[in-house]
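Trainee: I am new to this structure and would like to go through it step by step. Could we start with the terms and then turn to the residues?

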Amino acid sequence: MHPVPPPTRRPLRQLLAASVGNAVEWYDWYAYTFLATYIAGQVFPKSADSSLVPLLSTFAVFAVGFFMRPVGGLLMGAVADRRGRRSALTVTILLMGGSSLLVGLTPTYAAAGLLAPVVLVLARLLQGLSVGGEFAASTTFLVESAGPGRRGLFSSFQYVSTTLGQLLASGVAALLVNTLAEDRMDSWGWRVPFVLGAVLSLAGFWIRRGAEETRSAEQARAPRPGLFEALRRHPRESLLIGGITAGGTLAYYTWTSYLPTYAELTAGVAKSDALLAGTVSLAFFALLQPVGGLLSDRFGRRPPLLFFGLGSALLSVPLLHALRDSFAVLLLVQCAGMLLLTGFTSISAAVNAEIFPPRVRAAGIGFPYSLTVALFGGTAPYVGTLFEELGRPGIFPWYVAVLCLVSSLVYLRLPETAHRELAR
């Protein structure tokens, strides 16, 4: 039986340290998604056969970054388990700041030829390493900072801060698109958000340095866990995290990141309208997260997960097929999708942390979660764009629905952990 120490003395400071840093991390990550069409035109060669080829290349690089996330989850999770959660969090935010600056300084294809996409791929690999480690460390840090009966609420700030970062990225992108002429946006405007992200990362680093360590003294004195100990000793828990995450991550990247591009490609929505609708719906989504977390603390983790999984299985196809060349329709569809999604996002950090023991909690969460996100979330924009290129865009909503149904079967068998003590 592991001792359960009292919660941290400064819970609000803990929330701030995790949330501000996490918001900066995800601002840098998502700025790439919102500006993908501009990056495509500058960094990749144009194709005479299809105008979608540069965009497909850009989303392929987006997916490549995701495949570094399992490595980041494993390595930075091991740092968090061996050296402390705070140490891992300070490393990840510095790594993200450097990689964001590298994206902003990437040369164009016209100026540097093949070196341009090589630099971009390198930057996205470093970002993937950082984000994979960020989720592992911040998830553990947030849930371990929570008081009794508040793990769901605290865990909801994982996606509150993620969404605020995404909202900032969307807002900055929308502001630039609506104020700069198209030629200026193409030539240098798309670089501005990445340089800004590098500056913000330094602020996040300073805030995190003052956070309180949540790893217990007993864990600090214990022998350090091996790099693959979580996978070797807890294979069932690792598979369980994959099943929990698969439908959620695909739905998450569909509704929050890819939908503006999907609406442009399939419904002819103007780029500025798509970005504005995304910004408004993200604000709505951020407000929903603490509500979902509080409800799960009272009623358990399984009901909101099933609300998300079964609701998405039934409604993803009609919602995505309802898109029209209309700002109002796009906004309503996106908000409906995000309401369903809240059942997963508001509590996923708590569910993950409650599955693994403290000795390998960060690494145990980081690797299977990030691998699943890479396989299903990171490829969502590429898969959706590929279906459009093949002339079958209607298949993508079915892909989302089926995977959410598969995760629902996992939720039905998931043990209830909301009211158990969290070992530390």
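Mentor: A residue is called buried when its relative accessible area is under 20%, and exposed when that area is over 50%. The model is a predicted one.

Trainee: Are D81 and R85 buried or exposed?
Mentor: The side chains of D81 and R85 form a salt bridge, with N and O 2.9 Å apart. Together with E144 and R361, they belong to a network of salt bridges. As for burial, D81 and R85 are both buried.

Trainee: How many salt bridges does a search of the whole structure find?
Mentor: One of them joins D297 to R301, with the closest N and O atoms 3.1 Å apart. D297 is buried at a relative accessible area of 10%, and R301 is buried at 1%. The search of the whole structure gives a count of nine.

Trainee: Does R233 count as buried or exposed?
Mentor: R233 meets E229 in a salt bridge of 3.2 Å, N to O. The two residues are four apart in helix 12 (residues 229–233), so about one helical turn separates them. E229 has 6% relative accessibility and counts as buried. R233 has 55% relative accessibility, and the cut-off is over 50%, so R233 counts as exposed.

Trainee: How many helices and strands does the chain have?
Mentor: The C-alpha trace of the chain spans about 65 × 45 × 35 Å along its principal axes. Of the 424 residues in the chain, 61% are buried. The chain has 20 helices and zero strands.

Trainee: What is the radius of gyration of the chain?
Mentor: For 424 residues the globule rule gives 22 Å. The value for this chain is close to that, so the chain is as compact as a globular protein of that length. The radius of gyration is 20 Å.

Trainee: Let us turn to the rings. How many aromatic pairs are there?
Mentor: Two rings pair if their centres lie within 6.5 Å. By this rule the count of aromatic pairs is eleven.

Trainee: What class does the pair of F308 and Y411 have?
Mentor: F308 is in helix 15 (residues 302–321) and Y411 is in helix 20 (residues 395–412), 103 residues apart, so the pair links distant parts of the chain. F308 is buried at 0% relative accessibility, and Y411 is buried at 0% as well. With centres 6.5 Å apart and planes at 55 degrees, the pair is tilted.

Trainee: Which residue lies over the face of Y32?
Mentor: The distance to the ring centre of Y32 is 4.2 Å. The residue over the face is R124.

Trainee: Which residues form a nonpolar patch on the surface?
Mentor: One of them, L375, is placed in helix 18 (residues 361–377). L375 has 42% relative accessibility and counts as partly exposed. The patch has about 250 Å² of accessible area together, and its residues are F67, L371 and L375.

Definitions and conventions: Residues numbered from 1 in each chain as written. Predicted model: local features only at pLDDT ≥ 70, side-chain atom pairs only at ≥ 80, totals over all residues. Heavy atoms only, no water. Phe/Tyr/Trp six-rings, centres within 6.5 Å; stacked < 30°, edge-to-face > 60°. Buried < 20%, exposed > 50% of the residue type's maximum accessible area, 1.4 Å probe, protein only. Lys NZ or Arg CZ within 6 Å of the ring centre and 35° of its normal. Patch = residues over 30% accessible without salt bridge, like charges linked within 9 Å, V, L, I, M, F, W, Y side chains within 5 Å. Areas by Shrake-Rupley, 256 points an atom, 1.4 Å probe, with all protein chains shown as cover. Salt bridge = Lys/Arg side-chain N within 4 Å of Asp/Glu carboxyl O. Rg over C-alpha atoms; globule rule 2.2 N^0.38 Å.
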